Amino acid sequence: MRINEIFYSLQGEGRFTGVPAVFVRLSGCNLRCPFCDTDFTSYNEMSEEDIVRSVSDYPARHIVITGGEPTLQLTASLIVKLHAAGFFVQIETNGTHTVPEGIDWITCSPKAGGRVVLTKVNEVKMLYQGEGTDLSAAEAIEADEYRLQPLDTGDADENKEITNATIKYILDNPKWKLSLQTHKILNVR
Ligand code: SF4
């Protein structure tokens, strides 16, 4: 499996915000989002056994499998091994591919240009860019929780406007909850 990085931090976003977690970033993505801030191209080849050994070095037993797009490589056998090692397995996916059986929590973040094939997940997390943001792909997915996250444009003034617009949208549409990138606010990984 091509692994971009494995690191230990707090989950910064969504339902498990603040939870200590081991992140496994798989290399590669099928989309090219203009705002993508993740370098997922470099990698080391690791076996499933290597991955389980590596993540088990950390004290937490919450794992976040992310990318890039992790479903391009993720196998059901790795999930089985992670469960055997005592992990709760969360995946963060753009939803364009099916996910292997057995994952404990699916967070789906649909992106423009990617046709979503997942119909039922635990959590939908959508980036909000202001009025006119198309939420139809997200609304079409059955989920336990729906979260809107203000897009980070890199410009402080613009970000403030987008955050205010996100809050207004949520207040008007209370099916949605706010998700913030708390790792950026705290300046941790
Ligand atoms: S789907 Fe995610 S990882 Fe892939 S290009 Fe878009 S933002 Fe980046």
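Let's start at one spot in the sheet: Ser9 has Ala21 of strand 2 as its bridge partner. Keep in mind that this is a predicted model, where local features need pLDDT of at least 70, side-chain atom pairs count only at pLDDT 80 or more, and totals for chains, interfaces and linings use all residues. Residues are numbered from 1 along each chain as its sequence is written.

Strand 1 (residues 2-10) and strand 2 (residues 20-26) run antiparallel and share 7 bridges; strands here are DSSP runs of E with at least two residues, helices are runs of H or I with at least four, and both are numbered from the N terminus. Two strands count as paired if DSSP finds at least two bridges between them. Further along, Glu5 sits opposite Arg25 in strand 2. Strand 1 also pairs with strand 3, again antiparallel, over 2 bridges, and there Ile3 has Asn44 as its partner.

Now zoom out. The open sheet has 9 strands in the order 3-1-2-4-5-6-7-8-9, with mixed pairing. Its edges are strand 3 (44-45) and strand 9, each pairing on one side only. Helix 4 (residues 156-172) packs on the sheet and touches strand 7 (120-128), strand 8 (142-150) and strand 9, its direction making about 150° with that of strand 8. Axes are lines fitted to C-alpha atoms, for helices over the stretch in contact, and angles run from 0 to 180 degrees between N-to-C directions.

Strand 9 (residues 176-178) is where you'll find Leu178. Leaving aside neighbours within four places in sequence, Leu178 contacts Leu148, Thr166, Ile167 and Ile170, a contact being two C-beta atoms, placed from the backbone, within 7 Å. Its C-alpha atom is 6.1 Å from that of Gln149, 29 residues apart along the chain. Why does Leu178 count as partly exposed? Because 15 other C-beta atoms lie within 10 Å, whereas buried takes 20 or more and exposed 12 or fewer.

Next, a helix pair. Helix 1 (residues 48-56) and helix 2 (residues 76-84) pack at about 35°, their axes 10 Å apart. Glu48, Ile51 and Val52 of helix 1 meet Ser77, Leu78, Lys81 and Leu82 of helix 2. By class, that contact has 4 nonpolar, 1 polar and 2 charged residues; Ala, Val, Leu, Ile, Met, Phe, Trp, Tyr, Cys and Pro count as nonpolar, Asp, Glu, Lys and Arg as charged, and the others, Gly among them, as polar.
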